[in-house]
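Please read these notes with the sequence and the structure open beside you. They are meant to be taken in order, one point at a time.

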2 protein chains.
Amino acid sequence: MLFLGTIENKIDAKGRVSVPSDFRMATKNDDFQGVILYHSFTHKCIEGCTMERMEKLSDATDNLDLFSEENENLNSLIFSDARQLSFDVTGRIVIPADLLEFAGINGNALFVGRGKTFQIWNKDEFEKYQKETREKAFKNRPSLSFKKD
Amino acid sequence: MLFLGTIENKIDAKGRVSVPSDFRMATKNDDFQGVILYHSFTHKCIEGCTMERMEKLSDATDNLDLFSEENENLNSLIFSDARQLSFDVTGRIVIPADLLEFAGINGNALFVGRGKTFQIWNKDEFEKYQKETREKAFKNRPSLSFKKD
DNA sequence: CATCATAGTATGGTATTTTATGGTTGTCAA
DNA sequence: TTGACAACCATAAAATACCATACTATGATG
């Protein structure tokens, strides 16, 4: 199953936030009932995925030379930064404060589905980003706009 | 299985609408008993497909590369905008209000088959669109008829 | 041929469950 | 002892399951 859609949920005083029901469903066949969160490397947001995917990623890095620069980067940047957060009985997680700060999130968290992964944004930041992306997508794909001739 | 034909069904006060029986049959071999809806990027209508197709799309664009900007494209826009809606026992779905508004749909929904995907239109909008398309096709007719193969 | 029976479909209304959210208590460790 | 954190309890609103009815097409039967 995939992470689809965009849902905004409140973060309470203790940092608790409900993971959207559909997102939880996307992990229901996994061993680990929770999600993995880490800094995005390309945007001002938090990225997330399933434990299953993390394991796949780990398998992929196994193929690299142990001392290669790439492996060093992956290990230090991804695995050391990733946190596993399990759902409580009502489906909530507590997002670590440094991640919230990095993404500029305070009261509300915007969960954005991206298929195999998802992101958590400050709403204003996301809308800014999305606007840019839309423009880029249309520029790069003129074939989508009206095909005359 | 393909989405074929054009069927008009009523939307009730809660946004519920019967997905045409033939369309439901087109998903009967899938794991997920429902459809994925998202707003069209080219027309004033809702677009839909199966979860299976979404997963294929996800597999095609998923390269496990966390540093790539390449995923900032139309596909990611689709994933963040897509809603998974499962059929109830009588074969209905609830179309989210914002999608209905985007497509200008109020009381009735026109399901239009497009093979691997389908669209949901306001009937008037669709007829307008269809008229324009016919005129365009007629204008371009000479170039069409000279194209061999 | 007219009528009846049947099965699948569309549609409307109500009841139940799930979800998101807030608060309280208990526990362990610094 | 205090502060962090997990487990537990509560509730309103939203989503969904459930039930009932009407309609359609089709086929069987007298």
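1. The model is predicted. Keep this in mind for each value that follows.

2. Start with chain A, which has five helices and eight strands. Read from the N terminus, the elements of chain A follow the order β-β-α-β-β-α-α-β-β-α-β-β-α. Chain A has 149 residues, and 45% of them count as buried.

3. Thr27(A) sits in the loop that joins H1 to strand E3 (34-39) of chain A. Is Thr27(A) buried or exposed? Its relative accessible area is 0%, and the cut-off for a buried residue is under 20%, so Thr27(A) is buried. Thr27(A) is also a case of residues apart in sequence and what separates them in space: Met1(A) is 26 residues away along the chain, while the C-alpha atoms of the two are 7.6 Å apart.

4. Now turn to the sheet in chain B. Six strands form an open sheet in the order E1-E7-E8-E4-E3-E5, and the pairing is antiparallel. Strand E1 (6-10) and strand E5 (83-86) of chain B are the edge strands, since each of them pairs on one side only. From one strand to the next, the twist averages 30°.

5. Strand E3 (residues 34-39) and strand E4 (residues 46-49) of chain B are joined by four bridges in the antiparallel sense. Which residue of E4(B) stands opposite Ile36(B)? The residue is Cys49(B).

6. Helix H2 of chain B covers residues 51-61, and its buried residues are Met51(B), Met54(B) and Ser58(B). Looking down the axis of H2(B), these buried residues fall within an arc of 55°, so they line one face of the helix. Lys56(B) and Ala60(B), on the other side of H2(B), are exposed.

7. The next matter is DNA strand C. There are 25 residues around DNA strand C, and those that come nearest are Lys14(A), Arg16(A), Lys14(B), Arg16(B) and Ser21(B). Of the atoms of DNA strand C that come within 4 Å of the protein, 44% belong to sugar and phosphate.

8. Some individual contacts to DNA strand C can be listed. A polar side-chain atom of Lys14(B) is 2.5 Å from a base oxygen. An N or O atom in the side chain of Arg16(A) is 2.6 Å from a base oxygen. Asn9(A) has a polar side-chain atom 3.4 Å from a phosphate oxygen. Both chains give elements with two or more residues to this surface: strand E1 (6-10), strand E2 (16-18) and helix H1 (21-25) of chain A, and E1, strand E2 (16-18) and helix H1 (21-25) of chain B. The largest share, three residues, comes from H1(A).

9. The residues around DNA strand D are Lys14(A), Arg16(A), Arg16(B) and Arg92(B). By class, this surface has four charged residues, no polar ones and no nonpolar ones.

Note on methods
Residues numbered from 1 in each chain as written. Chains lettered and ligands numbered in written order. Predicted model: local features only at pLDDT ≥ 70, side-chain atom pairs only at ≥ 80, totals over all residues. Heavy atoms only, no water. Near = heavy atom within 4 Å. Nonpolar A, V, L, I, M, F, W, Y, C, P; charged D, E, K, R; others polar. Buried < 20%, exposed > 50% of the residue type's maximum accessible area, 1.4 Å probe, protein only. Arc of directions from axis to C-beta. Pairing = 2+ DSSP bridges. Axes fitted to C-alpha atoms, helices over the stretch in contact; angles between N-to-C directions. Polar contact = N/O pair within 3.5 Å; in protein donor to acceptor, adjacent residues only side chain to side chain.
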